[in-house]
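Work through the exercises below with the model in view. Try each task before reading its solution.

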Amino acid sequence: DKFLFIEADVYPPLNFFDRMLIEADKVKADVFGSLYFLDHADNVKPMLQSMYLARDKEGKLVDIMVFTYSMYEAFCLNIFKSEPQPIYSCGFGCTMIDKKVLQKLEFRDMGNTDAHSDSFFYADCARNGFSVYFDSKILCNHDNFDWKI
């Protein structure tokens with residue numbers, strides 16, 4: 001009843017799946033992610049995000065702004081804890097999604113933004129009351145050295 005999403009450039013540690021199942025069950029997470037980093041030369045950031053939704057006068061979503069925490073912000077906010085914790089978004093890198101979430105939400109994209117489909121997925125999770133957690137003890141390798149920013 002779970003869907004495991006692992007991006008092609010993300011490499012989880014051994015026994016990650018058992019830990020994800022156990023920890024997600026403890027906190028009753030609908031979506032449960034791991035920790036990985038965006039690494040661009042001297043600009044390393046954890047893939048943990050806060051998002052802000054922009055709406056027009058009628059309340060229709062017109063844009064989404066995604067802010068990835070810097071390492072400094074992550075440490076100041078005490079993000080790296082030993083227990084799973086709630087987060088707004090942690091990317092799809094290595095994520096387990098409950099079946100009920102997939103039955104309600106669709107993967108989508110809005111062409112007028114720099115955000116990716118995972119950003120919209122997490123925004124839809126928040127809109128629909130699904131709980132999102134991540135575990136900083138499940139640290140994945142992210143081979144994104146050739147990304148263009």
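This is a predicted model: local features need pLDDT of at least 70, side-chain atom pairs count only at pLDDT 80 or more; totals for chains, interfaces and linings use all residues.

Residues are numbered from 1 along each chain as its sequence is written, and side-chain values use heavy atoms, without hydrogens and water.

**Exercise 1.** State how many helices and strands the chain has, and what share of its residues is buried.

Solution. Helices (H or I, at least four residues) and strands (E, at least two) are DSSP runs, numbered from the N terminus. The chain has four helices and eleven strands. Buried means under 20% relative accessible area, with a 1.4 Å probe and protein chains only. Of the 149 residues, 43% are buried.

**Exercise 2.** Describe the cover and the pairing of strand β10 (residues 132–139).

Solution. Start with cover: six of the eight residues in β10 are buried. Next, take pairing, which requires at least two DSSP bridges between two strands. Strand β3 (residues 31–35) runs parallel to β10, joined by five bridges; Ser34 lies opposite Asp135 of β10. Strand β8 (residues 85–86) is antiparallel to β10, with two bridges. Here Gln85 has Phe134 as its bridge partner.

**Exercise 3.** Locate Thr95 and explain why Thr95 counts as buried.

Solution. Thr95 belongs to strand β9 (residues 94–98). Thr95 counts as buried because its relative accessibility is 0%. Now look for contacts (heavy atoms within 4.5 Å). Beyond neighbours within four places in sequence, Thr95 touches several residues, among them Phe3, Met20, Phe32 and Tyr122.

Definitions and conventions: Buried means under 20% relative accessible area, exposed over 50%, partly exposed in between (1.4 Å probe, protein chains only).
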